[in-house]
Amino acid sequence: MDIIVGVDGSAPAKAALRWAIGQARLTGARLRAIIAWEVPVYHSWGLIPYEDFGAAAGKLLTESVQEALGLVSPPDAVVETVLPGHAAQVLIDASAHAALLVVGSRGHGAFAGTLLGSVSQLCVQHAHCPVVVVRGK
């Protein structure tokens, strides 16, 4: 079975990725690093400059995986996946075919040090498999 890890380039997501790499190595599981992307919402009239958001997300994912691996040998299989959609929904959907879902928590909110971020909270509440939330610090 796969271990799924959500990646967004943030420090907590990189910590989650490093944790998931270690867990995949220990268990022999395939690691699937997933990044989700959405077209940003602009609040003014005018032209939206073209950007290939999927390609930009894929580049960020590859850089994050390479940084997390560093000089350490990767688990047997690391699969990078770029998917369109809201991050929480993409990860929840992917969790239906996983043994474990790993996410980072930025802790945004009034009590930033104690609250889960919205994506991690949604994943904990709705994932189809166990979830590990890795704190950034």
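Analyst: Helices (H or I, at least four residues) and strands (E, at least two) are DSSP runs, numbered from the N terminus. In this protein the pattern along the sequence is β-α-β-α-β-α-β-α-β, and the secondary structure comes to four helices and five strands. The model is predicted: local features need pLDDT of at least 70, side-chain atom pairs count only at pLDDT 80 or more, and totals for chains, interfaces and linings use all residues. Residues are numbered from 1 along each chain as its sequence is written, and side-chain values use heavy atoms, with hydrogens and water left out.

User: What pLDDT does the protein average?

Analyst: The pLDDT is the predictor's confidence in each residue, from 0 to 100. The average for the protein is 85, and 77% of the residues score at least 70. Over residues 110-115 the value is below 50, and this stretch has eleven contacts in the model beyond near neighbours in sequence. Contact here means heavy atoms within 4.5 Å.

User: Is serine 64 buried or exposed?

Analyst: Buried means under 20% relative accessible area, exposed over 50%, and partly exposed in between (1.4 Å probe, protein chains only). Serine 64 counts as buried because its relative accessibility is 1%. This residue lies in helix H2 and touches Val7, Gly9, Lys14 and Leu17, not counting residues up to four places away in sequence. Arginine 30, by its relative accessible area of 38%, is partly exposed, and valine 78 is partly exposed at 29% relative accessibility. Buried residues make up 37% of the 137 residues in the protein.

User: How much accessible surface does the protein have?

Analyst: Accessible areas come from the Shrake-Rupley method with a 1.4 Å probe; for residues, only the protein chains shown count as cover. The total for the protein is about 8000 Å², of which 59% belongs to carbon and sulfur atoms.

User: How much space lies in the largest pocket?

Analyst: Rolling a probe the size of a water molecule over the atoms shows where empty space is left. On a 1 Å grid over the protein atoms alone, a pocket is an open set of points where a 1.4 Å probe fits, with protein on both sides within 12 Å along at least five of seven lines; lining residues have an atom within 4 Å of a point. Grid points are joined across faces, edges and corners, and a volume is the space filled by probe spheres set on the points. The largest pocket holds about 400 Å³. Of its 23 lining residues, the closest to the centre are Asp8, Ala87, Gly104, Arg106 and Val119. Elements giving two or more residues to this lining include helix H1 (11-27), helix H3 (87-94) and helix H4 (118-126).

User: Where is valine 119 placed, and what does it touch?

Analyst: Valine 119 is in helix H4 and touches His86, Ala87, Ala88 and Leu91, not counting residues up to four places away in sequence. At 26% relative accessibility, valine 119 counts as partly exposed.
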